[in-house]
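Please open the model in your viewer and keep the selection tool at hand.

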Amino acid sequence: MKFDGTMLQGPRPRFRTATRVAIVGAGFSGTLLAINLLEQEDVEVLLIERDRRQMGAGVAYSSFDTSHLLNVRAGNMSAFPDRPRHFCDWLAARGLGCDQAFVTRATYGQYLSETLAAAMERHGRRLKLIDDEVLDIEERAGRVTLGLANGGLVEADKVVLAVGNLPPHDHPAVAAARLTPWRYVGDPWASPLAEGLRAHQTVLVIGTGLTAIDVILRIASNGFKGRIVALSRRGQRPHRHADGLPPVQPVLAKPAPELSDLVRWARREARERDWRLVVDSIRPITQMMWAAADADKRACFLRHLRPFWDVHRHRLAPEVAGRIDALVRDRRLVFRAGKIESVASESEAVAVHWRSRGEDRVERLDVARIVNCTGPQGDLLRASDPLLRRLLAQGRIRPDALRLGLDIDREGHVVDAKGRASQHMLAIGPMTRGDLWEVVAVPDIRTQVSALARRLVNAHWTGGEGL
């Protein structure tokens, strides 16, 4: 449904009985915030999404590829931290899966959409879905005004940026080669991947993480019979979940003095028990340790330990891992560790010159297509999103110290170029990873969203201008 901006304005009442919150982005983070806010009394929500196909599901859960499964078991994928059985009960009512199942992302997207629809049925008068793009946000006189692409304006008391991840950045050597769209796919979620390829050809996937796994499965399931080479600096791919493990025993106190010591601690503990239990046990305290670390320690963690952390922390469903193993066995897929030196477009192929990790010799690889799978990014200085670029140019937002996303304060307000926290503009989701680090998976985001919804409502009723 689409609302004209003028329909949402009208005269401002002298005494407000509700807080109006505008949410920019209706992916998982934005949708869940809307649902949480609607459960509070007298809160009006404007949920704004420029791509209605992603309304309620976002990029992550809009895939209809049956090979794309959740990376977390259903039992830990409830949309609500205080109702852990919510998703499992939804599955059970439809005869789908169980607590230990890894269901398809399309199924989870349907769950989110139906949960939003149920909230609309109960609280429809307080929820407006706006099928449009926000191009500008102004703060004045204790309010925010959002300018829409259709020319309309909407007003709110608070605005929350739930813009999700930014598309991956182009590799410098690939960008310099100026490849045609047929030969280079810069955004793997916005383009067909296997179209026009032949069985004797090779596809180069830049990256070996979760995004690369998704893309490899899409290419293979779409009928490509050729060879896929997945290349990253270390060549590490995500590990698999294991069945039959005992329950995780959460660690509630710091197991190591510094963030940089976590991996060493985990290695020691893994000698006594399965490493998956060790990594999962420290989930409750990783945000705390990140918050306690200074910028230098965080940078050291990202530079030296993040690749190892990611492949152990963010794992694959056993079925997905099995498919990847089968492609490797059949020699249709190979993982390589190395660095791209140069890329050149030739008449019959793209010539990629790369150096294997630890080697001096440069090798040549001829490929028909390159797919950028370096994963979602958060560097605002390289953002192409019109709203983020405008706010950045105006000095209304700024990157965090490590350029992982938006700089925010501990309450979620965005911080401007002069270091001042906004009174009325906040952010949630993966673009706040600079402050929280682990805020890309459902269990982390749902906790962040629930807490923000409570703060927004409490600040309104107490007259708290601090939020």
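The stops below are given in the order in which to select them.

This is a predicted model, in which local features need pLDDT of at least 70 and side-chain atom pairs count only at pLDDT 80 or more, while totals for chains, interfaces and linings use all residues. Residues are numbered from 1 along each chain as its sequence is written, and side-chain values use heavy atoms, without hydrogens and water.

Select residues 28-38, helix H1, and residues 105-123, helix H3; they pack at about 30 degrees with axes 10 Å apart. H1 is therefore roughly parallel to H3 (angles under 35 degrees count as such). Helices here are DSSP runs of H or I with at least four residues, and strands are E runs of at least two. Now show the side chains in contact (heavy atoms within 4.5 Å): Phe28, Thr31, Ile35 and Leu38 of H1 meet residues of H3 including Tyr108, Leu112 and His123. The residues of this contact are seven nonpolar, three polar and no charged.

Next, select Arg20 and Glu44, a salt bridge with its closest N and O atoms 3.2 Å apart. A salt bridge is a side-chain nitrogen of Lys or Arg within 4 Å of a carboxyl oxygen of Asp or Glu. Arg20 is in strand E1 and Glu44 in strand E2, 24 residues apart. Arg20 is buried at 9% relative accessible area, as is Glu44 at 15% (buried means under 20%, exposed over 50%, partly exposed in between, with a 1.4 Å probe and protein chains only).

Finally, select Asp385 and Arg50, whose closest N and O atoms are 2.9 Å apart in a salt bridge. The two lie 335 residues apart. Asp385 is buried at 13%, whereas Arg50 is partly exposed at 49%.

Definitions and conventions:
Axes are lines fitted to C-alpha atoms, for helices over the stretch in contact, and angles run from 0 to 180 degrees between N-to-C directions. Angles under 35 degrees count as roughly parallel, over 145 as roughly antiparallel, 65 to 115 as roughly perpendicular and the rest as oblique. Ala, Val, Leu, Ile, Met, Phe, Trp, Tyr, Cys and Pro count as nonpolar, Asp, Glu, Lys and Arg as charged, and the others, Gly among them, as polar.
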